[in-house]
Protein chains: 2
Amino acid sequence: MPSEMSTVHLLREVAVQFGLRSAEFAAANGMHPTDVRALICLLDAERAGEPATAGRLGARLGLNSAGTTGVVDRLVRLGYVRRERDPHDRRRVRIVVDERAVALGEAAFGPLIGRIVDLLRTFTPAERDAIHRFLLGTVAAADPD
Amino acid sequence: MPSEMSTVHLLREVAVQFGLRSAEFAAANGMHPTDVRALICLLDAERAGEPATAGRLGARLGLNSAGTTGVVDRLVRLGYVRRERDPHDRRRVRIVVDERAVALGEAAFGPLIGRIVDLLRTFTPAERDAIHRFLLGTVAAADPD
DNA sequence: GTCAATTATCTCGCTGAGCGAGATATTATC
DNA sequence: GATAATATCTCGCTCAGCGAGATAATTGAC
């Protein structure tokens, strides 16, 4: 019967570890931690079918517009991403991820994701549902909206 | 019945949101994201009764020794932390957190932690246990040791 | 006991990530 | 059609964090 606080600290530990794994992967590929986080955000947006503009990316990374331009420049230079003007609102720049970026993401985080999926499968459906609801609630608690 | 993958993505989302909140708090207090992460690590170590040396801090933050010296210098300058030579192994520098740092941490993350604790209390003991075990397993899956 | 090897931290010099301020281009408002 | 609001980019600058190497303390081998 673990205390509520120990569970909260575990949650933080997960965040710390995810950050460390991203940073290690970044260093191993000549990228910066922010670049990896950006790529993850862009892949997430792509999967969710969301726009993926420069502005949204910056907000999600906590960067201002200048910093955002810098990240996108680096990803473009590495060939993981390209810029496309949004035809409907030509102020916007849509950021399109290349297949190479998808492959990179899988190579980097596939094994970790696989281990977590395996872990989830050791729980009953009811338990999995509770875990999912808890994480949903945590995101809501952390996201001011 | 959410898919395993959607739960994994939620977990990543939690990590992203925690990072954002830390970065916002850092900016609001004239600190850098790394400084806040360092403070959290030091407070965690203190609570767990672990040593909290410069080297361990650097490893946990993914910094090399030069960068670690820099973080500690900044925290010392801000008065949140002080250096103390370990009497048993005088190569080591123990990093002692000030009460001000504890108060700062509570002010910054207390409300969020409170919301998550409240959230946990909406689950049955069995569900809470499953959540805790899942997070334990996730840390193990992410931490190469 | 002493000399080398190892460990923990720090210093120095440098690169570049990300900030603030402001420019530019596009769209919405009146 | 002028004005305001929005989205992104450019420029110049600061400082976080890296690599290389110095310093100091400890451990191990002989």
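Buried area is the accessible area (1.4 Å probe) that two parts lose on being put together, summed over both. The size of an interface is often given this way. Here the area buried between chain B and chain A is about 5300 Å². Carbon and sulfur atoms give 73% of that area. On the side of chain B, B:Glu4, B:Arg12 and B:Phe134 supply 12% of the area that the chain buries against chain A, more than any other three residues.

The model is predicted, so local features need pLDDT of at least 70 and side-chain atom pairs count only at pLDDT 80 or more, while totals for chains, interfaces and linings use all residues. Residues are numbered from 1 along each chain as its sequence is written, chains are lettered from A and ligands numbered from 1 in the order in which they are written, and side-chain values use heavy atoms, with hydrogens and water left out.

Take a single chain next. Chain A has six helices and two strands. These are DSSP runs numbered from the N terminus: helices are H or I with at least four residues, strands are E with at least two. Along the sequence the pattern is α-α-α-α-β-β-α-α. The C-alpha trace of chain A spans about 55 × 35 × 25 Å along its principal axes. An unreviewed UniProt entry lists residues 4-140 of chain A as "domain: HTH marR-type". UniProt positions are given in the numbering used here, feature names are shortened, and annotations may be inferred rather than shown by experiment. That span is 74% helix and 7% strand, and its end C-alpha atoms lie 18 Å apart.

Now the pair. Two copies of a chain are related by a rotation about an axis and a shift along it. Chain B superposes on chain A by a rotation of 180° with 0.0 Å of shift along the axis, at an RMSD of 0.0 Å. In chain B, the C-alpha of B:Ala15 is nearest the axis, 2.2 Å from it. Both copies use the same surface: 100% of the contact residues of chain B recur in chain A. In number, 51 residues of chain B are in contact (heavy atoms within 4.5 Å) with 51 residues of chain A.

Two DNA strands remain. A residue is near a strand if one of its heavy atoms lies within 4 Å of it. DNA strand C is surrounded by 22 residues, and the closest are A:Thr34, A:Arg91, B:Gly55, B:Ser65 and B:Arg83. Of the atoms of DNA strand C within 4 Å of the protein, 70% belong to sugar or phosphate and the rest to bases. Polar contacts here are pairs of N or O atoms within 3.5 Å. A polar side-chain atom of A:Asn64 lies 2.9 Å from a phosphate oxygen of DNA strand C. A:Arg90 uses a backbone N or O atom, 3.1 Å from a phosphate oxygen.

DNA strand D also has 22 residues around it, and A:Gly55, A:Ser65, A:Arg83, B:His32 and B:Thr34 come nearest. Sugar or phosphate accounts for 69% of its atoms within 4 Å of the protein, and bases for the rest. One base is reached by A:Ser65: an N or O atom in its side chain is 2.4 Å from a base nitrogen of DNA strand D. B:Arg74 places a side-chain N or O atom 2.9 Å from a phosphate oxygen. Helix H3 (54-61) and helix H4 (65-78) of chain A, together with helix H4 (65-77) of chain B, each supply at least two residues of the surface near DNA strand D.

Terms used. Polar contact = N/O pair within 3.5 Å; in protein donor to acceptor, adjacent residues only side chain to side chain. Least-squares fit on C-alpha atoms with pLDDT ≥ 70 in both. Contact = heavy atoms within 4.5 Å.
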